[in-house]
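Subject: Structure handover and notes

Dear colleague,

My notes follow below it, and I would be glad if you read them with the model open.

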Amino acid sequence: GVAGELLPPVRRQLTRIDSNGRHLLQIINEILDITRIEAGKMPMQISQFNVNELIPEVMAELDAVIARSKLTVTPRLSPGMPDVVSDRQKVKQVVLNLLSNAMKFRHQGGIDVAVGYDAVEGMASIAVQDTGIGIAPEHHEKVFEDFRQVDDPPSRQYGGTGLGLAICRRLAATVGGRITLHSTLGSGSRFTLVFPVNAES
């Protein structure tokens, strides 16, 4: 509408073009991320930060997406959580990807983002729990493969590049952590990032 009012059919077509352009940009960025990780071009940027402060920041960045989804995203923070020493940007990117993924496969209800701390193991955790379509056990490992999406018919309508979870697994590994998945078909999913509280130790 910068050059003047648009007729509704023109606006619909331009909206479609914009949406497809953004989708292509997402694919390019995700492929570049994987390439950089595989080539060792994403070195660790270690800093001290508070995970409880990271979660509201992620939610603020996805505020528009959350609003459009009409989902309730609830942060469940851990008062006893110490500051962690790790790569803040990589941890943040994993949480962004996991939360975005959860919203894609859920159209009503809520999503919990829970912070945890295991003092004995010295591990922090951030779990994203949804009540969406769920994932059958035989597909739990497949969803982390490059360009791979679940083949169950209910999931095909959701689109996506099939790279988000593959990137999450790689980023988790670079901070010395891992991604775990607990899910059953029809009962939602919980993806959890587990990583060392002190990456330098």
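In these notes, a residue is called buried when its relative accessible area is under 20%, exposed when it is over 50%, and partly exposed in between, with a 1.4 Å probe and protein chains only. Helices (H or I, at least four residues) and strands (E, at least two) are DSSP runs, numbered from the N terminus. Please keep in mind that this is a predicted model, in which local features need pLDDT of at least 70 and side-chain atom pairs count only at pLDDT 80 or more, while totals for chains, interfaces and linings use all residues. Residues are numbered from 1 along each chain as its sequence is written, and side-chain values use heavy atoms, with hydrogens and water left out.

Helix α2

I begin with helix α2, residues 51-61, where Val51, Asn52, Leu54, Ile55, Val58 and Met59 are buried. Seen down the axis of α2, these buried residues fall within an arc of 155° (taken from the directions from the helix axis to the C-beta atoms), so they line one face of the helix. Glu53 and Ala60, on the other side of α2, are exposed. At the start of the helix, a side-chain oxygen of Asn50 comes to within 2.7 Å of the backbone nitrogen of Asn52.

The sheet and the helices across it

Five strands make up an open sheet, in the order β2-β4-β5-β7-β6 and with mixed pairing; two strands pair if DSSP finds at least two bridges between them. The edge strands are β2 and β6 (178-183), each of which pairs on one side only, and the twist from one strand to the next averages 15°. For this and the angles below, axes are lines fitted to C-alpha atoms, for helices over the stretch in contact, and angles run from 0 to 180 degrees between N-to-C directions.

Strands β2 and β4 pair in the parallel sense over five bridges, and Pro75 stands opposite Val113 in β4. Strands β4 (residues 110-118) and β5 (residues 123-130) run antiparallel and are joined by eight bridges; in β5, Met123 is the bridge partner of Asp118, and Asp130 is that of Ile111.

Helix α2 lies across β2, β4, β5 and β7 (189-196), running at about 160° to β4, where contact means heavy atoms within 4.5 Å. Helix α5 (residues 164-174) lies across β6 and β7, and runs at about 135° to β6.

Loops

The hairpin formed by β4 and β5 has four residues between its strands, and Gly122 in the turn has a positive phi of about 70°. Gly122 is partly exposed, with a relative accessible area of 25%. Leaving aside neighbours within four places in sequence, Gly122 is in contact with Phe195, Pro196 and Val197; from Gly122 to Phe195 the C-alpha distance is 8.6 Å, although the two are 73 residues apart in sequence.

Lys70, in the loop between α3 (63-69) and β2 (72-76), has a phi near 60°, a positive value in a residue other than glycine. With a relative accessibility of 70%, Lys70 counts as exposed.

Thr184 sits in the loop between β6 and β7 and is partly exposed at a relative accessible area of 43%. Not counting residues up to four places away in sequence, Thr184 touches Ile133, Gly134 and Ile135.

Salt bridges

A search of the whole structure finds six salt bridges, each being a side-chain nitrogen of Lys or Arg within 4 Å of a carboxyl oxygen of Asp or Glu. One of them joins Arg11 to Glu5, with the closest N and O atoms 3.9 Å apart; Arg11 is partly exposed at 39%, whereas Glu5 is exposed at 73%.

The side chains of Glu57 and Lys92 also meet in a salt bridge, at 2.6 Å from N to O, and this pair links distant parts of the chain, with Glu57 in helix α2 and Lys92 in helix α4 (residues 88-104), 35 residues apart. Lys92 is buried, with a relative accessible area of 7%, while Glu57 counts as partly exposed at 26%. Glu61 and Lys92 form a salt bridge as well, at 2.4 Å from N to O. Because Glu61 lies in helix α2 and Lys92 in helix α4, this pair ties together parts that are 31 residues apart in sequence. Salt bridges that share partners join Glu57, Glu61, Arg88 and Lys92 into one network.

Notes
Polar contact = N/O pair within 3.5 Å; in protein donor to acceptor, adjacent residues only side chain to side chain.
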